[in-house]
Amino acid sequence: MIKLIVDEKEIETEEGRSVLQACLENGIFIPNLCFIKTRQQPHASCRLCFVEIEGFDRPVTSCTEKVREGLVVRTDTPPVRRLQRMAFKLLMSGHPCEAKVCPVKGGCQLIRTAKYLKVGLNPKPLEFLEREVEEEVDLTFFTYYPFRCVLCGKCVYVCREKNEHNLLTFAQRGFDTVIGFFGDIDPTDLPCHTCLACATICPTGALIPKPELTREAKSNP
Amino acid sequence: MSEQKAKKRFAPIQSESKHRMEEQKRESIPTIFLVMSTCGLASGAAETKQAFEEALSEKSIAARIVPVGCIGHCYAEPLVIIDHPTAGFPPICYYQINADRARILVRSYLEGGDPVLKYVLGAMEENDLIPAVMDFPRFSLEQRLVMEHCGLIDPDDIHQYIARGGYSGLVKALDSDPEEVINLIEESGLRGRGGAGFPSGRKWRIARTAEGDGKFVICNGDEGDPGAYMDRTILESNPHQLLEGLAICAHAVGANQSIVYVRAEYPLAVKAIQKAIKSAKELSLLGPSILGTSFSLEVSVFQGSGAFVCGEETALIQSIEGKRGMPQHRPPFPVEKGLWGRPTVVNNVKTLSAVPPIMVRGAEWFRTIGTERSPGTAIFSVVGNVKHPGLVEIAMGTSLRTLIFDVCGGIPNKKEFKAVQIGGPSGGCLPASFLDTPIDFDSLTQAGAMMGSGGMVVMDEDSCMVDVSRYFLDFTQKESCGKCTFCRMGTKHLLNILQRITKGEGRDGDLELLETLSKDIKDGSLCGLGKTAPNPVLTSLKYFREEYEAHINEKRCPALKCRALTAFYIDLEKCARGCEVCVGCCPVDAIFTTKGRKKAIDQELCVKCGECRVACPPEYDAVFKVSPPELAPVIERPPEDIKEKK
Ligand SMILES: Cc1cc2nc3c(=O)[nH]c(=O)nc-3n(C[C@H](O)[C@H](O)[C@H](O)COP(=O)(O)O)c2cc1C
Ligand code: SF4
Ligand code: SF4
Ligand code: FES
């Protein structure tokens, strides 16, 4: 067991854990969108999980830092909050959804993050960024909503883990990046209707199984 | 380790190479060295070559044409060196030799013995007849060790490199203990030339001690900076020095596999390196049991897709593995866990090319060049508003002033120096007050710029710093891989704000937002691209803030660059009655005749191309450019003229 100090409280955890996982398992919340605890190499793309660790001159992402004995961590310093709020505002500048119409039961991860960071769901002071993508994209078994997607990469990862083929992937690049689907395979050959791992893990409701598919999934489990 | 085994095996190869060189000298027929690298070809070297060949055969003159790589004097391309041993002159360097001039040179010099002084850049050796190029600042202030042989040898002929001492560094390394080699590189203080300046010796030591077999060495030749072409030039002009460095590195760290990563847009470089690998293998300088020792090294070439971010080492490795070129969080660093999970040294082309001379001449010698903390030389491709753009290799510690004004000839057209952007698109813009900054890793970083991989853009008084920032952000924003939030979304916001400002739509709070956003992107991004992308914005905001303010508060572009903030007008006092010169050159028919039979510009139609200003005869010089546009006097188009137009 390893002991570390988080926000002046001592917590215990196992060797090999990331600081983020150790905190989450000890009831200390750190905002995160792209973290999957079984994932060997963290994706580290959402940039929400910043903490300050003694010995580093600036905040670091807690999902990429391994725990060490005696580590002193702070999750709520002004530099940490500054970066987290900016990361959140940046995400919201491409994510026009509103809490009232959120398709995720109980509200998506972004709503919870906003509450935790005590910021609104708007991108202010940033402007909303227009993107040349469709509102809805047909991915055979799913409807993909690019404007909801925060590109956390979780769906791509779980798909690769659960299926031999990597059906989901990042498509385009830079600001135009979206989730793509190798849709030219005969749908009947695809494991999607029994899997649904991606839609389940998506933190923002950007991948919604088509209703007929859900029914099918229910009727032959 | 067998005593001097490699040296013994190498001796006959070396004498063969030297013999070939002497044979050629003995023939005493003229040799024409022609720069045939990408830069030379772009300025017409292929036509020049053909003209030489035709002229020589027409006149039945025996001469040898040797295609060589680039010597870095881009302003002088196509560049030709003629060694005419029986003419009584030393080898002479000629500049801008197009096909016509090639024929003249054959007729006058090779046939007639007259060296045609008006095309001469200088002599390649000290002599009493023609000033030697070594005495020109462009040559004398340069110090070449990485590019020592570039432009002087045929890259396709391995013997030319060997005859000049090539591969003896590898031989020495093969006969030494790898540990000693690493000590030597550590003592030399060599730092990575790929941008960050990480000590190479330390990197190699980590790789050597890292657990796991199947180690790799990768030469990073991605070179994605716009306007930078140092690595391409080295690959094209002397690929063997790089391969030699690569082999020394692999031997030192215990790797038997290596990859040269070159962007696919560099077809000539790819060909040159492939050819070089083949000829090195034939002489047992690469491949299995090199020179009879127990050390084997496979070398392959990987052609990258040419995305800027693929130059980042973790993205580069992903791309070799066939994955999307997205950077990964470090640690683990590639030296611990790199290609296919194996310890991997990633070094830049220039870093590896610096190794052979260190191996031969020693760490001590290397440290006499450059500064205490940045020994050796720096290679820059200097472009923009300088008289002599091109590739230069100078000792670290040389001041920016010396580089720009002495080596590169200063600013042309009697303009003032305004700023220099160092370190590529993610470097910084430094003003005149920084001209005495020494060029080394730490001083440049301290000034807010960085060494980067050697891109340098010099700007004169006509450059608008807001527009320059916008240009660089446009590049980095497009090159962001899109993985992490700060870089993907943040650079787009920066670009949008800068675009607004250059269009005159800047508003209160923009500068503050640019600043906070820039700082957060630097601190929050995952990889070096995002961490450095805001540098041009931050430095120009720091050193040229008043220029941003003029754009926002007065809708004025002080450099008269931003189209939306400028206007052209014709001064009626100066305009010559009846002159029509400008009318025809306007692409949108915006110029009309006033009641007084002079000319005026319809501001509604004008697209601000500036053609009229160019066309207006100098004796009238009646067209003016102003900012803000309201400064242009309003001259109504006569109503009948409007009707006519319709
Ligand atoms: C966005 C980005 C682009 C890069 N491009 C290059 C490149 O084109 N060539 C290069 O050698 N290094 C490049 N680097 C640096 C590499 O990651 C790496 O540090 C370097 O190749 C190590 O070699 P060195 O130790 O010899 O400098 C880049 C880094 C970043 C963040
Ligand atoms: S679709 Fe959902 S899980 Fe996939 S990247 Fe987008 S937000 Fe993440
Ligand atoms: S900083 Fe930019 S280039 Fe680097 S991982 Fe993030 S999005 Fe990709
Ligand atoms: S959870 Fe660490 S960056 Fe997303």
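## Ligand 3 and its cysteines

Start in chain B: 13 residues sit around ligand 3, and among them C481(B), K483(B), C484(B), C487(B) and C527(B) come nearest. Here a residue is near a molecule or strand if one of its heavy atoms lies within 4 Å of it. By class, this shell has 8 nonpolar, 4 polar and 1 charged residues. As for the classes, Ala, Val, Leu, Ile, Met, Phe, Trp, Tyr, Cys and Pro count as nonpolar, Asp, Glu, Lys and Arg as charged, and the others, Gly among them, as polar.

Keep in mind that this is a predicted model, where local features need pLDDT of at least 70 and side-chain atom pairs count only at pLDDT 80 or more, while totals for chains, interfaces and linings use all residues. Residues are numbered from 1 along each chain as its sequence is written, chains are lettered from A and ligands numbered from 1 in the order in which they are written, and side-chain values use heavy atoms, with hydrogens and water left out.

## Ligand 2 in chain A

Now hop over to ligand 2, which has 13 residues around it. C149(A), C152(A), G153(A), C155(A) and C202(A) come nearest. Its shell is made of 11 nonpolar and 2 polar residues, with no charged ones.

Which residues come nearest to ligand 1? Of the 18 around it, they are G194(B), K203(B), N347(B), N348(B) and T351(B). The shell divides into 3 nonpolar, 9 polar and 6 charged residues. Both β9 (344-348) and α21 (528-532) of chain B supply at least two residues each, and β9(B) gives the most, with 3 residues. (Helices, H or I with at least four residues, and strands, E with at least two, are DSSP runs numbered from the N terminus.)

Next, the polar contacts, meaning pairs of N or O atoms within 3.5 Å; within protein, one must be able to donate a hydrogen and the other to accept it, and residues adjacent in sequence count only if both atoms are side-chain atoms. A polar backbone atom of G194(B) is 2.7 Å from an oxygen atom of ligand 1. N220(B) uses a polar side-chain atom, 2.9 Å from a ligand oxygen, and E223(B) has a backbone N or O atom 2.9 Å from one. Taken alone, ligand 1 exposes 610 Å², and the protein buries 90% of that (accessible areas come from the Shrake-Rupley method with a 1.4 Å probe; for residues, only the protein chains shown count as cover).

A cis peptide bond runs from K124(A) to P125(A), with omega near 10°. P125(A) lies in the loop between α3 (109-117) and β6 (137-139) of chain A. Chain B has a cis bond joining E77(B) and P78(B), with omega about -10°, and P78(B) sits in the loop between β2 (64-68) and β3 (80-83) of that chain.

What is the phi of R47(A)? It's positive, about 60°, although R47(A) is not a glycine. You'll find R47(A) in the loop between α1 (19-25) and β3 (50-53) of chain A.
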